[in-house]
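Please read the following report alongside the sequence and the coordinates. It takes up a ligand shell, a helix pair and a strand pair in turn.

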Amino acid sequence: MVIRTSTEHVSELRKSIRRLPQEQVSEFLEQVIDGNGSRNFGTLRSECLNRLRINKMEYANVLTDQPSVKGFDRTFPYSDEAQLMIEYVKEKGYHEWADMLIDPACGAGHIAIGCPLKDRHAVRVALDASSRALEFTAINRYCNGTDMMIGLNDVGDGLSQWDHSEAQRILFMANMPFAPDPCATNGFLPMASSSDERGSKHTLLALRAFKEFAHGLTDGRAARAIVLVYTIFDEAADRYDLVEQARRLFPGRVSWEFLNDTKVWRINGVKSFPNPMPLELMAERANCRFDVADSRREHARRSYESLAERLKKEGWSHLACGILDIEL
Ligand SMILES: C[S@@+](CC[C@H](N)C(=O)[O-])C[C@H]1O[C@@H](n2cnc3c(N)ncnc32)[C@H](O)[C@@H]1O
């Protein structure tokens, strides 16, 4: 594992938090949220606070990187997507149904920690391919007092490497990297966001892993997957690329929830355009000072423009955001 400077700060914060008695931890988090924690907490360097943020969610406080942290492995800084997925799960009642929750790409743990589950004995599992993300998840597990398994896992390697035999009703909640990225190697965006040209690569890896996982389930056990996606969309024919691909993998078992009220395409921390968004607007991502290196901005703009042209020649017109809800 490569330790970057910013990771050292995280380790330092984690050690500091560990020294606090449990009952003081939430108070500490409140102080940090209020912005005066550094004064009261001697061992914490102010630099640490500049690099970190705490997302206050309904059921959890989640420490993660600031969007301004540079580097491919910057941990996902935002909680809005997790919150949206949690709202969906609550609306459908899946949080009352599940006795195991698995986030295969947990980031700092917004979903794995922040999703309420009715069953007090339900097991939570948080996996990610980034050791830096898991370091945050471990801090957040500790700070929120959550009982949860954490594991380093590439979703492309499958999802069966731990004992889940006791679980009867398994809920996957996946928010894989889904922003189209026109650079196949050495992408323009950080790992937490960067997908392939269609935005579908990691989602498809996850769907295949779910399928393999579901094949291994014995009678009476059930699993469901809730997956937040960007998909390319042909408005004239009302065709969503990823919905078609998911339906091919799971015939008759996929519901598609197009997210009417959600904006898409995050630029400088803000989702900027109505859903669905014309493909030409993808090039605006090149202006994102958090995600795209200054030295590559012009290259990124041209690459997104030519990607939009290629996709339009294939008949696609928009980028759309929605939730795949799959009975596995
Ligand atoms: C959009 S973030 C979502 C994080 C978290 N679930 C949330 O909603 O806040 C996507 C996460 O996928 C992880 N990731 C990227 N490639 C992966 C892979 N092949 N297998 C597992 N996780 C991966 C990234 O490290 C990142 O933490």
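## Ligand shell and packing

The residues of the shell around the ligand divide into 13 nonpolar, 6 polar and 4 charged, where Ala, Val, Leu, Ile, Met, Phe, Trp, Tyr, Cys and Pro count as nonpolar, Asp, Glu, Lys and Arg as charged, and the others, Gly among them, as polar. This is a predicted model, in which local features need pLDDT of at least 70 and side-chain atom pairs count only at pLDDT 80 or more, while totals for chains, interfaces and linings use all residues. Residues are numbered from 1 along each chain as its sequence is written.

The ligand is surrounded by 23 residues, the closest being Ala105, Gly107, His110, Ala129 and Ser130; a residue is near a molecule if its C-beta atom, placed from the backbone, lies within 6 Å of it.

In the helix pair, Thr203, Leu204, Leu207 and Lys211 of helix 9 meet Leu242, Gln245, Ala246 and Leu249 of helix 10, contact requiring C-beta atoms, placed from the backbone, within 7 Å. By class, this contact has 5 nonpolar, 2 polar and 1 charged residues.

Strand 10 (residues 263-267) runs antiparallel to strand 11 (residues 270-274), joined by 4 bridges, and pairing requires at least two DSSP bridges. Lys263 stands opposite Pro274 in strand 11.

Note on methods: Two residues are in contact if their C-beta atoms, placed from the backbone, lie within 7 Å. Helices (H or I, at least four residues) and strands (E, at least two) are DSSP runs, numbered from the N terminus.
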